[in-house]
Amino acid sequence: MKRILKYAAKYKVLFLIPTMAMMVFVVLDLLNPIISRRIIDDVILKGEYHILAKLLLLLVAITIGKAVAGYIREFMFDYAGSKAVKDIRKDLFDHIQSMPFEFFDKTNTGEIMSRTTEDVNNIWQVIGFTFGFFMEQILFFVVGIIMMFITEWRLALACLALIPFIGYYAINLEKKIGEAYDKISDQNAVLNTTAQENIAGVRLVKAFGREKYEISKFFKENEKNYALNIGRAKIVGDYYPKIEFLTNIVMLVVICIGGYMVIRGYMTIGDLFAFNWYVTMIVWPMRLMGFMTNNFAQCSASAKKIFAIMDIEPAIKSPESPAKPRRSVGELSFQKVSLKYEKNHVLKDINFHVKPGETLAIMGATGSGKSSISNLIGRFYDVSEGGIILDGVDIRRMDLKDLRRSISVVMQDTFLFSDTIEENIKFGAVDATREQIVAAAKAACIHDFVEGLELGYRTVIGERGVGLSGGQKQRIAIARALLKNSRLLVLDDATSALDMETEYQLQRALKSIKGLTKIIIAHRISAVKEANEILLLDKGVVVERGTHQSLLWKKGRYYEIYRQQYKDIDAVEEEVI
Amino acid sequence: MSVNTFKEDEILRESFDLKIIIRLLSYLKDYKLQVLKTLGLMPIVISVTLLNPYFMKLGIDKYIADNDINGLFTLGIIALVINVFGMMAYKVTVVTMATVSSKILLKIRQELFTHIQRLTLSFFDSRPVGKVLARIIGDVNSLNQLFTDSVTVLIPDAITLVTIAIIMLIINYRLALMALIMLPALIIVMFFIQISCRKRWQQYRKKSSNLNAYIHEDYSGIRVVQSFTQENRRSSSFSELSNSLTDAFLKAVKMADGFWPVVELSWGVGSAVVFWYGVRLLQVEGITIGVLVAFIGYIGLFWRPIMKLSNYYNILLTNMAGAERIFEIMDIEPGIVDEEGAIDIPPIRGSVVFKDVTFSYDNGDTVLKNVSFEIKEGETIALVGETGAGKTTIVNLISRFYETDIGSILIDGYDVRKITSESLRSQMAVMMQDSFLFSGSIKDNIRYGRLDATDDEIIEAAKAVQAHDFILQLEKGYDTGVNERGTRLSAGQRQLIALARAVLAKPKLLILDEATSSIDTETEVLVQKAINQLLAGRTSFVIAHRLSTIRNADRIMVVDEGTIKEIGSHQQLLDKKGMYYELYMAQYRFLSE
């Protein structure tokens with residue numbers, strides 16, 4: 001809560017205006033019963049009709065003042081609240097964007113989504129509305145009680161006797177409903193995830209004909225959700241009428257005891273009327289207490305979740321005084337690099353050196369650590385031991401953005417944005433001209449396909465490239481990486497969905513780019529064969545290394561893979577040539 | 001292709017559609033009894049609210065004026081008893097209506113979900129996940145207030161309003177008319193505000209939806225954002241969207257915040273008028289002071305339902321948008337439904353026949369042209385061809401994910417349109433390019449292939465596809481939790497788990513669509529062997545780019561630009577020296593270059 005206030009403090013002046021308007025409003029509101037009392041007591045009862053017009057004019061003037069102050073209060077709180085919340089939202093977004101991959105490995109997208117949207121909105125609700133409202137209610141309450149005592153302290157005491165009961169129920173209500181909301185919001189998240197996965201995985205669901213199973217799975221969660229909502233409704237049904245009842249009783253006390261006192265001559269009817277007004281003033285805050293505390297509870301829960309994320313220091317950061325390589329040529333070496341993940345070694349003692357313009361290829365079994373190498377180069381994870389040197393500088397000493405700017409990585413999972421093909425390709429190079437985009441697309445062998453589309457480069461594609469085949473997505477991702485025009489290109493199994501012909505063309509196009517250092521992770525011999533060095537990984541360790549020829553001569557595992565993939569090439573050779 | 005990006009506002013109808021309201025309210029039909037009960041109790045709740053100021057009047061006029069203490073306390077006791085009844089009635093109505101509305105939401109959500117399950121893939125192709133999801137969760141939730149409020153606000157408040165007006169008219173019609181003098185003006189102003197607010201709130205919701213879409217995409221694609229160092233640009237686009245959200249909000253509240261002051265104003269002026277006129281009446285006709293006091297009380301009571309009603313109207317308008325979005329989907333006819341009299345296909349033996357099949361996706365481009373072929377039981381068919389040639393489309397049609405435009409597809413002689421989709425798909429297994437995992441344990445993900453499989457069978461399947469070893473190395477083995485994108489698992493490992501799932505299903509017909517593209521050759525050889533053993537004698541279709549995978553097929557189909565160019569065994573096609581030969585030699589050429 002304190003930290004939210006810190007955000008609000010930035011807009012002190014903006015919050016000050018509605019606060020003052022609020023005070024004006026409360027003061028004007030207090031004058032209302034005073035005037036009403038005077039009308040009843042002096043005009044109606046005593047017959048001083050000549051002051052009626054004056055009093056009524058005053059009443060209208062007060063009403064106008066209240067309306068104006070009320071509007072300023074509402075709008076300015078909204079205004080200041082929106083500003084403060086915008087800052088929170090942006091800070092959260094920027095912070096999440098700066099988190100390393102490890103964070104995203106562990107956190108569901110749905111969860112951080114709801115932090116940035118729903119939880120921020122919960123805070124918005126409070127600082128834009130409830131907080132000001134709360135202060136106003138407190139003001140009303142305090143002033144109301146003071147006025148009650150001033151008007152008739154004995155009657156005030158009689159009324160106050162009931163207030164602890166109302167407070168008791170309101171607090172209980174808050175506690176119970178807070179718990180209920182907690183469960184409901186968790187269950188909502190479960191329901192959300194169930195539905196989201198069902199939709200995202202709809203192909204799988206349909207492929208296995210699992211619609212009925214999915215429906216019953218969803219129904220189960222939905223029914224839990226229903227039960228929780230009923231539970232909450234019962235709590236509300238339990239407490240609201242009681243609070244309502246007690247507030248009505250307060251009114252009754254005023255009539256009966258107040259009436260008694262009027263009869264006995266302790267107070268006037270006008271006093272009773274005004275007193276009744278003040279009672280209304282304190283009754284509303286009591287009635288609304290449940291609602292407000294509920295709001296606050298929700299807000300502070302949300303704030304806790306948000307600041308918990310904000311407090312996570314990104315494990316990978318730029319150094320204080322980053323070193324810059326003298327020139328960017330794409331020279332890369334791994335020196336005794338190891339990577340551990342929860343005690344298990346993912347990579348162990350990896351050494352290699354790629355000279356500018358050379359190609360290093362990495363092969364290996366599924367899960368042998370190939371992708372980890374590619375992730376280490378961009379410092380998406382940090383090495384556990386050893387060091388990675390790019391252009392003569394340890395990457396941990398480089399500015400993170402400089403480092404990532406000087407390499408292009410095409411990842412295993414192709415992700416495209418729902419935007420036009422053009423925007424997707426120029427994602428890394430915003431200022432690229434159409435010619436440059438087309439050149440990159442041509443090099444990635446996707447130009448002809450794009451041109452064949454009705455809208456060409458302006459065709460809109462969906463999240464994860466819905467509507468495109470795997471190979472098309474991969475080639476757009478490659479074009480995107482090529483346009484970035486860095487000296488080091490990392491292809492992490494980025495051509496797996498391409499047909500042989502296309503892959504062959506792509507390889508040739510890449511080869512023709514002068515001075516481009518390439519790290520190619522692949523399974524096909526055809527993709528790695530040209531490399532200056534080929535590493536064969538197994539369980540995080542390099543088991544074989546060398547050029548295509550030297551590895552073939554070695555007749556080891558590489559040779560076995562080769563034989564598997566080209567079993568009958570020799571036979572073909574005999575037949576055909 | 002996708003229809004919507006974060007930049008585009010969704011199109012919402014602007015008109016106030018009575019049909020939607022009627023359709024929504026028709027859900028209340030099943031709960032006639034509960035609604036009647038609530039309505040029956042409503043008079044008690046209302047009368048308590050209404051009687052309290054009347055007691056005030058009675059107290060002042062009758063007992064206080066007459067100095068009748070006993071009468072005053074009797075009145076107090078009567079009022080107390082009535083308030084107790086009121087409390088009980090209130091409690092019943094709150095709980096009853098909340099239950100009814102929760103039940104309706106449950107029903108709508110389940111109808112919607114069930115309906116979405118019946119929709120074809122073309123529906124899912126054209127809409128981002130987030131926007132479908134928003135309907136199932138957010139839009140349904142937004143209806144919550146509607147049903148409760150329709151019964152607990154609309155009806156009682158309308159009654160309250162009318163009753164107060166009548167009471168005031170009975171007590172003193174002239175004073176009543178004066179008290180109501182501000183009403184027509186107020187109503188006009190209020191509706192004017194609401195109408196313009198509605199448009200502004202709609203705008204706000206659209207902006208909010210855009211921002212959500214943007215955030216969702218940014219977080220999903222964070223790896224790309226970071227590796228292309230676009231954080232700053234993404235952040236400033238985010239700010240733009242966030243700004244336009246705030247602007248839309250402020251534009252809406254600028255109008256909406258004026259609402260209460262207007263009510264306040266009418267109330268205040270109304271009271272002043274009552275005082276003024278009341279005092280005149282007092283002088284001329286000698287109405288009682290109690291009447292005047294009660295009148296002031298009634299005016300206060302009068303404005304509250306007006307505010308609540310206009311608030312209700314606001315909610316109604318807000319919810320209409322949600323309801324519209326829900327019904328829009330409910331009204332989409334599932335493109336593929338089991339025909340009447342569709343039968344369950346008996347255990348599939350595995351012959352597949354395409355007869356002159358022509359197919360195009362929704363956007364109109366013809367993807368398959370006059371495709372005909374016959375696959376015998378137990379054959380393994382490899383589909384080769386350039387990306388986008390139509391390979392995936394062919395296998396999608398076999399599972400009837402889409403419907404052919406022209407021509408027919410026969411499985412074991414049964415037209416796929418004449419059999420139930422479920423009986424067909426439950427005997428098939430399809431492994432796609434994207435290996436999707438549900439959040440949950442690895443074990444449960446494999447079990448998805450056959451829900452009643454035992455743990456041993458799951459382990460057996462994992463062993464068969466070479467996944468067992470790496471699974472055991474994970475911290476919790478088969479119970480290790482994974483999520484949608486398969487946290488910490490490599491693409492190859494995810495494919496192995498998906499393969500285990502397919503193997504476990506023991507399908508009669510297997511389709512592997514680039515299912516092994518991320519698996520290394522050594523593992524693949526072992527996996528292939530296992531699959532071959534398990535599926536001996538079963539028909540399978542394989543889409544792959546690796547020669548070693550293709551070569552093992554019984555027959556190879558070369559697909560090019562939506563037609564089948566060649567079909568035959570590896571050797572036959574090589575001898576033919578056609579397209580396959582070219583494709584094959586490309587690999588060879590590259591090797592020898």
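**View 1. Where chain B meets chain A.** The contact (heavy atoms within 4.5 Å) draws 176 residues from chain B and 181 residues from chain A. This is a predicted model, in which local features need pLDDT of at least 70, side-chain atom pairs count only at pLDDT 80 or more, and totals for chains, interfaces and linings use all residues. Residues are numbered from 1 along each chain as its sequence is written, chains are lettered from A and ligands numbered from 1 in the order in which they are written, and side-chain values use heavy atoms, leaving out hydrogens and water. About 16,800 Å² is buried between the two chains, with carbon and sulfur atoms giving 65%; buried area is the accessible area (1.4 Å probe) that two parts lose on being put together, summed over both.

**View 2. A salt bridge across the interface.** Here Glu211(A) and Arg425(B) meet through their side chains, N to O at 3.4 Å. A salt bridge puts a side-chain nitrogen of Lys or Arg within 4 Å of a carboxyl oxygen of Asp or Glu, and the interface of chain B and chain A has four. Helix α3 (residues 69–118) of chain B brings 24 residues, the largest share of the side of chain B that touches chain A. Helices here are DSSP runs (H or I, at least four residues), numbered from the N terminus.

**View 3. An aromatic pair.** Over all chains, the structure holds 27 aromatic pairs. Rings of Phe, Tyr and Trp (its six-membered ring) pair if their centres lie within 6.5 Å; planes under 30 degrees apart are stacked, over 60 edge-to-face, and the rest tilted. Tyr260(A) and Phe73(B) have ring centres 6.0 Å apart and planes at 40°, so this pair is tilted. Tyr260(A) belongs to helix α8 (residues 211–263) of chain A and Phe73(B) to helix α3 of chain B, so the pair joins two chains.

View 4. Glu214(A) and Lys217(A) form a salt bridge, their closest N and O atoms 3.3 Å apart. These two residues are three apart in the helix, so about one helical turn separates them.
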